[in-house]
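Here is a short briefing on two features of one protein model. Look over the sequence and structure first, then read on.

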Amino acid sequence: MNKTIIININGIVFHIEEDAYEVLKNYMTDVKRHFMNSDDSLEITTDIENRIAEMFNELLANEHKQVIVEQDVRSVIEQMGTVEDFEHAEEDTNASFANTYHNSGATRRLFRDPDEHLIAGVCSGIANYFDIDAVWIRLAFAVIVLAGGTGIILYIILWIVIPKAVTRADRMVMKGEKLNLQGFKKNFEEEMGSMRDNFSNFKHEAKPFVYKTRDFIGDFFYHLGTFFNGAGKILLKLIGLFILLCCFGALVFFIVAFVALLGFGQFAPFHDMPYGLLKHHHPEYIYTAGFIVIAVPLVSIILLTLKGIFNAGSISRSAGTTILVIWLFAVAVFVYDVTRIAADFRASASYSETINLKAGKNNTYYLKLNDLKYFTAEDSARLNIKDLAPNMKITDDEDNDFDHFHQRVRLSIEKSDVDQPVLVESYHARGKNYDDALTNSRNIKYIFTQQDSLIKFDERFYPKNDELWHDEDVYLTLKLPINAKIIIDRELSRVADINVYDCNELNKRDGNKLPEATFVMTDNGLQCKVDTMVTDTVLNKHLSGDSTQKLKK
Amino acid sequence: MIVENTQTQMRKGVLEYCILSTIAKGEIYASDIIAELKKAQLLVVEGTLYPLLTRLKNNGLLSYNWVESTSGPPRKYYVLSEEGRKVLEQLDKTWQELAYAVQISIGDRKVK
């Protein structure tokens with residue numbers, strides 16, 4: 001039993017066995033190549049093809065069969081004559097053609113050898129050029145690669161620059177063989193290149209860099225493929241397994257996150273991103289769309305990996321199309337919602353308010369973080385605080401606020417130009433337009449308290465509308481007069497860039513034990529007050545001599 | 001090698017003359033030309049004929065007509081053109097001269 005191929009010779013259809021077809025194809029390639037340089041090559045080869053078709057027809061009719069076998073092709077070729085026969089008969093007409101090849105055949109040319117390649121055939125090509133064993137060139141390359149890795153770059157450059165020996169002619173020139181029809185015939189069996197291959201041979205000289213690079217990239221992936229096919233098969237499987245595990249992990253994570261958001265989103269104990277963004281925007285749509293946007297590619301990667309590397313599982317075309325449509329829809333919904341949310345952040349507005357503070361006794365100020373929990377009027381009514389806990393202090397703690405990190409204020413302490421201490425509160429917020437942004441920034445509520453020289457700062461601000469996030473920010477600037485003595489609580493460093501611990505360490509005190517440190521306001525801003533009893537002179541440089549003297553009791 | 005070369009040259013010159021002569025007998029199909037030439041042991045393989053025919057046609061010595069065939073693609077039937085006829089007459093003359101020259105050259109020498 002043999003496979004047959006249906007061929008068409010100038011409009012006539014033949015059934016031909018595969019082996020026979022190969023012989024015929026080789027023969028016709030040879031013939032075409034032979035007549036290539038003649039102006040009438042097309043006419044001549046068509047004549048020959050027609051005659052072959054006719055002979056096939058006669059053979060089929062005479063022997064009452066339907067399929068052309070190799071023997072038939074051979075007998076036809078015998079009758080038609082091989083390329084050598086042609087050459088004998090027309091030595092003169094083809095003399096010029098042969099001569100051009102004879103000339104070039106005398107010298108070798110540098111090609112990449114596609115037959116004996118380890119990577120891209122650069123080494124064996126060079127070896128062919130110098131007619132030495134490729135092992136030595138490879139060894140030399142290995143040495144250069146090991147000595148700094150430049151060999152890799154050199155190899156890639158050579159890979160791009162040196163053309164690949166595509167055609168038989170290339171290979172023969174590469175090996176310095178004489179180029180004539182006998183030579184062609186000699187190694188014809190090695191190659192089934194078509195007419196076009198040979199033409200491209202002539203273009204090699206003028207081939208632009210782009211094509212070379214394209215060749216290089218094509219080659220690269222081809223060789224990468226062969227590499228993976230061979231020794232890298234196991235590696236490929238491992239990579240595939242890794243991809244599968246990653247995708248599965250990510251998929252499970254997103255499924256859990258999705259279900260959690262959808263099921264418990266409104267009870268979420270956090271006011272964090274992205275929930276703070278989405279509260280009013282039908283978040284379930286965005287969650288669903290976002291989930292699909294992420295999950296579909298993950299599933300696709302899993303399926304493709306399964307199919308491509310482990311050759312298992314596949315998806316039907318219609319199912320794939322449906323999923324693609326769903327995915328695109330989800331992308332559209334997601335992009336639409338994200339754009340809509342982003343539109344709420346188009347404009348920004350800010351305003352600031354300056355509040356006069358009472359001057360502290362002896363120019364001394366105690367700065368602390370407010371540890372009382374703030375309740376809005378609604379909250380305190382809801383919790384019935386006044387009735388239930390009239391004398392209780394409800395304290396705020398750190399953990400209570402972990403989800404409000406984006407509502408945390410920033411405090412800086414600067415020197416005041418006048419004796420009057422002031423607090424500058426600067427509010428920022430964003431909105432869909434300036435009015436909206438300004439309204440949002442005006443809706444921010446911030447609380448601090450002053451009792452004589454004690455000033456307590458709240459750690460966070462409270463947007464009037466607690467639900468939605470508008471990129472609010474509150475910057476506080478406490479301006480204190482020069483030479484003010486400022487005793488700062490350790491907790492305050494959560495909102496201000498003040499290192500109480502270091503200041504205590506500077507005074508050779510245990511920074512972990514002491515809850516506060518003393519600072520002074522100088523011309524250069526806030527400075528740690530260093531007790532001269534325990535400090536050396538170097539540290540005194542940080543403070544003006546006068547203030548130290550004055551503050552020392 | 002020299003022998004082969006001379007033989008080829010001789011054969012080549014005669015071949016074209018013979019082809020023209022064969023066609024001169026009337027409209028003829030390529031494979032029939034081959035059959036005749038094979039009979040005369042001038043040509044061994046068909047493939048060599050097609051380039052020759054094409055060249056002669058391009059030189060204006062031949063023309064051809066397409067004729068439908070029952071056993072394959074349409075066939076080219078070659079005929080001699082007016083110019084071809086003139087050339088053939090000249091070649092006839094040349095051949096006579098050559099034959100005479102060869103006759104004289106061989107002389108009494110026995111040719112097997």
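Which residues make the nonpolar surface patch of about 700 Å²? In this predicted model, the patch is made by A:L110, A:Y129, A:F130, A:I132, A:V135, A:W136 and A:L139. A second topic is helix α19 of chain A, residues 434-442.

**The nonpolar patch**

- Two elements of chain A, α6 (122-130) and α7 (134-146), each give two or more residues to the patch.
- The largest share, 3 residues, comes from α7(A).
- A:L110 belongs to the patch and is found in the loop between α5 (95-106) and α6 of chain A.
- The relative accessible area of A:L110 is 32%, which makes this residue partly exposed.
- Patch residues need over 30% relative accessible area, so A:L110, at 32%, passes that cut-off.

**Helix α19: the buried face**

- The buried residues of α19(A) are A:A437, A:N440 and A:S441.
- Seen down the helix axis, these buried residues fall within an arc of 95 degrees, so they line one face of α19(A).
- An α-helix has 3.6 residues a turn, so residues three or four places apart point the same way.

- Turned away from the buried side, the face of α19(A) carries the exposed residues A:D435 and A:R442.
- A:N433 caps the N-terminal end of α19(A).
- In this cap, a side-chain oxygen of A:N433 lies 3.3 Å from the backbone nitrogen of A:D435.

Notes
Residues are numbered from 1 along each chain as its sequence is written. Chains are lettered from A and ligands numbered from 1 in the order in which they are written. This is a predicted model: local features need pLDDT of at least 70, side-chain atom pairs count only at pLDDT 80 or more; totals for chains, interfaces and linings use all residues. Side-chain values use heavy atoms; hydrogens and water are left out. Patches are made of residues with over 30% relative accessible area and no salt bridge: like charges are joined within 9 Å, nonpolar side chains (Val, Leu, Ile, Met, Phe, Trp, Tyr) within 5 Å. Accessible areas come from the Shrake-Rupley method with a 1.4 Å probe; for residues, only the protein chains shown count as cover. A salt bridge is a side-chain nitrogen of Lys or Arg within 4 Å of a carboxyl oxygen of Asp or Glu. Helices (H or I, at least four residues) and strands (E, at least two) are DSSP runs, numbered from the N terminus. Buried means under 20% relative accessible area, exposed over 50%, partly exposed in between (1.4 Å probe, protein chains only). The arc is that of the directions from the helix axis to the C-beta atoms. A polar contact is a pair of N or O atoms within 3.5 Å; within protein, one must be able to donate a hydrogen and the other to accept it, and residues adjacent in sequence count only if both atoms are side-chain atoms.
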